[in-house]
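Hi,

Here is the structure I promised to pass on.

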Amino acid sequence: MASINISSIYFRVFILRGIPDLEPSYVWISIPLFIMFILAISGNLLMLLLIKMEPRLHNPMYYFLSTLSLTDLVLSSSISLKMLSIFWLNHKEISFLSCLVQMFFIHCFTSLESGVLMAMAFDRYMAICNPLHYTSALTNTLIVKIVVALVIRGIVIVTPCPWMASRLPYCRTVHIPHSYCDHMAVVKLACTDTTINSAYGLTVVLIVIVFDVSSIAVSYVFILRTILRLSSANSKNKAFGTCTSHISIIIMFYTLMAIFSFLSHRYGKKIPPYVHIIFSDIYLLVPPMLNPLIYGIKTTLIREETWKILKNIKNNCRTRWNSDEKRTCHKI
């Protein structure tokens, strides 16, 4: 009997309410969210294109950056496509299995993004503290192993969340007061004790944040100590310059995660639900949008290659325009 109940749950259809109480403003809310999604997709695709085309970007730092861009592409797509269909087409239905898949992708790739930021801190540590062994130590094989290990970590620690959620009985309501299938938002609909689910979700967040942030902090303690020992002010500025973009992304990502993903879920009962939902949507869309912009602005090599591509596009358009104009004049 229990197996029948569990298997039949996959035929259930849930309703994602989007942002409750703000339904009349969906069109206006969707505009900035759509812009953020387009910027995230175009910016990260451009970053991947630059790293692939430019041989000077074929080094460990940019390999990790390309992994971050791939992660951001999956993360932003996982939330935005369904969210925009709710706001624009009023398509709120989602099958329970699709909900579990979305839950897995969102939380797994959030964990992966945190892990990539940790790996990038290790990359900066090797580049600044052990520059002579940088390229020989951080080989392509090691980079692949690090990324695979981070992917496996995300899969292992996140998979129990949708699995345990799939085994809960849902008899209260089918309406999820959210714009995507967040783990806690789904679990709260169950008509049974969900202490284990809540505790495990909290444990996953703590493991990822505490371990990754601690590793990043240790890396930057050694980096700072090495930089302060440099005798040349120019060398110090150059070393700091290679870390500013990474530090900016770290501060943005973990601040948003701590405030909107962790604190607001457990301690934000006084916050109106629509405020929490809006900020949780922004929390997942802002980092993928800003990551390529931050690296593009603060990294000289990426900035130069971006301007080179834009200049080539401009010259090609001008050449094509002039040829079309001459052809038209010749016909006249």
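Predicted model: local features only at pLDDT ≥ 70, side-chain atom pairs only at ≥ 80, totals over all residues.

Helix packing first. Two packed helices are described by the angle between their axes and the distance between the axes. Take helix α3, residues 60-89, and helix α4, residues 96-129: their axes are 9 Å apart, and the packing angle is about 160 degrees. Since angles over 145 degrees count as roughly antiparallel, α3 is therefore roughly antiparallel to α4. The two cross in a left-handed way. As for what sits in the contact of α3 with α4, the residues there split into 16 nonpolar, 5 polar and 5 charged.

Helix α3 also meets helix α6, which covers residues 140-158; here the axes come within 11 Å and cross at roughly 30 degrees. That angle is under 35 degrees, so α3 and α6 count as roughly parallel to each other. The crossing of α3 and α6 is right-handed.

Now the surface. Which residues form a nonpolar patch there? They are Val27, Trp28, Ile31, Phe34, Ile35, Ile38, Leu39, Trp88 and Leu89, and together they have about 940 Å² of accessible area. Both α2 (26-53) and α3 supply at least two residues of the patch, but α2 gives the most, with 7 residues. Isoleucine 35, for one, is found in helix α2.

Cheers

Notes: Residues numbered from 1 in each chain as written. Heavy atoms only, no water. Axes fitted to C-alpha atoms, helices over the stretch in contact; angles between N-to-C directions. Helix = DSSP H or I, 4+ residues; strand = E, 2+ residues; numbered from the N terminus. Parallel < 35°, antiparallel > 145°, perpendicular 65-115°, else oblique. Left-handed = near helix turned anticlockwise from the far one by under 90°. Nonpolar A, V, L, I, M, F, W, Y, C, P; charged D, E, K, R; others polar. Patch = residues over 30% accessible without salt bridge, like charges linked within 9 Å, V, L, I, M, F, W, Y side chains within 5 Å. Areas by Shrake-Rupley, 256 points an atom, 1.4 Å probe, with all protein chains shown as cover. Salt bridge = Lys/Arg side-chain N within 4 Å of Asp/Glu carboxyl O.
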